[in-house]
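Please walk me through this structure for a first reading. I would like plain paragraphs that go from one part to the next.

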Amino acid sequence: MEMKEIIRGNMATALAAKMARVDVVPAFPITPSTLFPEKISEYIANGELDAEMILVESEHSAISAAIGASAAGARVATATASQGLALMHEVLFIASAMRLPIVMAIGNRALSGPINIWADHSDTMAERDTGWMQFYAENNQEAFDLMLMAFRIAEDRRVLLPAMVGLDAFTLTHTMEPVDYPSQEEVDDFLPPYQPPYTLDVNRPMTFGSFATPESYMEFKWSHTRALEESPPVIDEIFEEYKKRFGREYKRVTGYMTEDADVIIVAMGSVSGTLREAVRQMRKDGIRVGAVKITTFRPFPFKEIVELCGGAKIVAIAERAISPGFAGPLFGEIAGAFINQPSRPLISDFIIGLGGRDVTLKDFREIASTALKEAEEGRVEPLVKWININPEEAPPGGE
Amino acid sequence: MTVVIRNTDKELFTSGHRGCAGCGEMTAVRQVLMVAGPNTIVANATGCLEVASTGYPETAWAIPWIHVAFENAAAVASGVEAALKKLGKKEGVNVLAFAGDGGTFDIGLQALSGMLERGHDVKFFTFDNEAYMNTGIQNHRLLPGPSEEGEEGP
Ligand code: SF4
């Protein structure tokens, strides 16, 4: 039985964690994710959720306590953003290396400096090499669904890896949207209790987090990497099962009007809806443009990107993060996806919406027309274009 | 708060580890575990004890043991304790944390403060050898006075 509520993105992820019957939630407040632990503590206080909440003194301790609790056999969730995620950095690698299926909602927010609390993907992009899975929601419905599915995927014995579910700061974390959700009974049926293969159990002593010399370190890294590489079929299977049970379809990457497109714009997160609308409008004007939305950034959908975008003249990446001295991180991934293809589109990079700057229909028109011009000229120069930037307003640097 | 302490004939911190001959820390840990008994879970900070006792694929620990990083043994132990409580497995199980003096009072101070304030049922053991010894005798903030002759202490 489907129910509907009009809720904020943080409430959607908290609701999913509650319906997943999380055992332990270690949490530390940070804008824009604070409503997640607030809702969890409310659920516990109301008797709607039987869980232990650990009010830690930092995000570093939040993820450390999450590891301890997960290793002891608990289903664990938490939420953070930006600086909080960056503070967790060293520990994130250890959570995934221990193969602990912790699920974490991220209110995608810009990293300091300057300090800024608005939507941006720099925080999770900076954690792309930590060995976690990464999912990005377009709206609050996706935030709920992906959060719930993240537990199932993460805990699957073929995967056993932690997962981040990204939802854009404010645009999703704080915005009220209608969200459909199944009954508790249906969720219990979809997500049985966590059955960890290894735990800190006095009846079966095990050593977690041992010291690895050059003789064994690479094998640990290899097996961890393989688990991530081999996870796509499991993710697809669980997405498919979710669709059968609850009627909502998910794909690791979704194409829109890509078949005959000359230019395909690739985006992630909340701008994907704006992008599809821009594509609809441009199509009316006869512009052959398509859109691709990436939901699963880790494991990266190399094959699917090539299949969806291989026929275009140019792929325009619209990304909410920058790797200074290189390009946007997504550019490197997509260029990598195409590098060994016998023929490939030009690949052009656009930086959009950093620190919560609005991304509008007009911006996507500009991206499409710039990219089409590049395709006509047969060269992408410069590689990285900043959309909506005012160089005259930029603060002075060193001379 | 109940702590169950049992004597045991079985070695819970076994020989064959790589601690220096005569190392006080290894001896102390062995004795702590003899008192704590087999129903014990240990969270260990990075340091000599962790390095010397767990070179993969060997381990000196005959009880469940976890190491995550340097500054967070108290936070890891908090998580273990909370999980055991929630899962109904806490009764009769000791949760211990081991850290050096640096891992306790210097880099580990924040996590320890949080753990103590929250009141977790965890016993935290510090091996105080008066410096960051594993990296080669560097000073930290617990030192009472000058760490080297002629140098101002903290
Ligand atoms: S260096 Fe480490 S193993 Fe050696 S005696 Fe000191 S504490 Fe023990």
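**A walk through the two chains**

A:Pro382 sits in the loop between helix 13 (361-377) and strand 16 (384-386) of chain A. The model is a predicted one, and in it the peptide bond that joins A:Glu381 and A:Pro382 is cis, with omega about -5°. The phi angle of A:Asn388 is near 70°, a positive value in a residue that is not glycine. Another cis peptide bond runs from A:Ser112 to A:Gly113, where omega is near 0°. A:Gly113 belongs to the loop between strand 5 (103-108) and helix 5 (122-125) of chain A.

Chain A brings 38 residues into contact with 38 residues of chain B. About 2,800 Å² is buried between chain A and chain B, and carbon and sulfur atoms give 65% of that area. On the side of chain A, the residues that lose the most area to chain B are A:Leu200, A:Val202 and A:Phe211, which together make up 21% of what that side buries.

Polar groups also take part in this interface. There are 14 residue pairs in polar contact across the interface of chain A and chain B, with both residues at pLDDT 80 or more. Several elements of chain A each supply at least two residues to the side that touches chain B: strand 3 (52-55), helix 3 (59-71), helix 4 (82-97) and strand 9 (207-208). Helix 3 of chain A gives the largest share of that side, with 8 residues. Sorted by class, the side of chain A that touches chain B holds 22 nonpolar, 10 polar and 6 charged residues.

Side chains of opposite charge can pair when their charged atoms come close. Over all chains the count of salt bridges is 37, and 3 salt bridges are found across the interface of chain A and chain B. In one salt bridge, B:Arg118 pairs with A:Glu57, and the closest N and O atoms are 3.1 Å apart. In another, B:Lys86 meets A:Asp23 with 2.9 Å from N to O. This pair crosses between chains, with B:Lys86 in helix 3 (residues 73-86) of chain B and A:Asp23 in the loop between helix 1 (9-19) and strand 2 (24-27) of chain A.

Strands of a sheet pair through backbone hydrogen bonds, either parallel or antiparallel. Strand 9 of chain A runs parallel to strand 2 (residues 65-67) of chain B, and 2 bridges join them. There, A:Phe208 has B:Ile66 as its bridge partner. Within chain B, 5 bridges pair strand 1 (residues 40-44) with strand 3 (residues 94-100) in the parallel sense. B:Thr40 stands opposite B:Asn94, which is in strand 3 of chain B.

Last comes the ligand. Which residues are around the ligand? They are B:Gly19, B:Cys20, B:Cys23, B:Glu25, B:Met26 and B:Cys48. By class, this shell divides into 4 nonpolar, 1 polar and 1 charged residue.

How values were computed: Residues are numbered from 1 along each chain as its sequence is written. Chains are lettered from A and ligands numbered from 1 in the order in which they are written. Side-chain values use heavy atoms; hydrogens and water are left out. A residue is near a molecule or strand if one of its heavy atoms lies within 4 Å of it. Ala, Val, Leu, Ile, Met, Phe, Trp, Tyr, Cys and Pro count as nonpolar, Asp, Glu, Lys and Arg as charged, and the others, Gly among them, as polar. Contact means heavy atoms within 4.5 Å. Buried area is the accessible area (1.4 Å probe) that two parts lose on being put together, summed over both. A salt bridge is a side-chain nitrogen of Lys or Arg within 4 Å of a carboxyl oxygen of Asp or Glu. A polar contact is a pair of N or O atoms within 3.5 Å; within protein, one must be able to donate a hydrogen and the other to accept it, and residues adjacent in sequence count only if both atoms are side-chain atoms. Helices (H or I, at least four residues) and strands (E, at least two) are DSSP runs, numbered from the N terminus. Two strands pair if DSSP finds at least two bridges between them.
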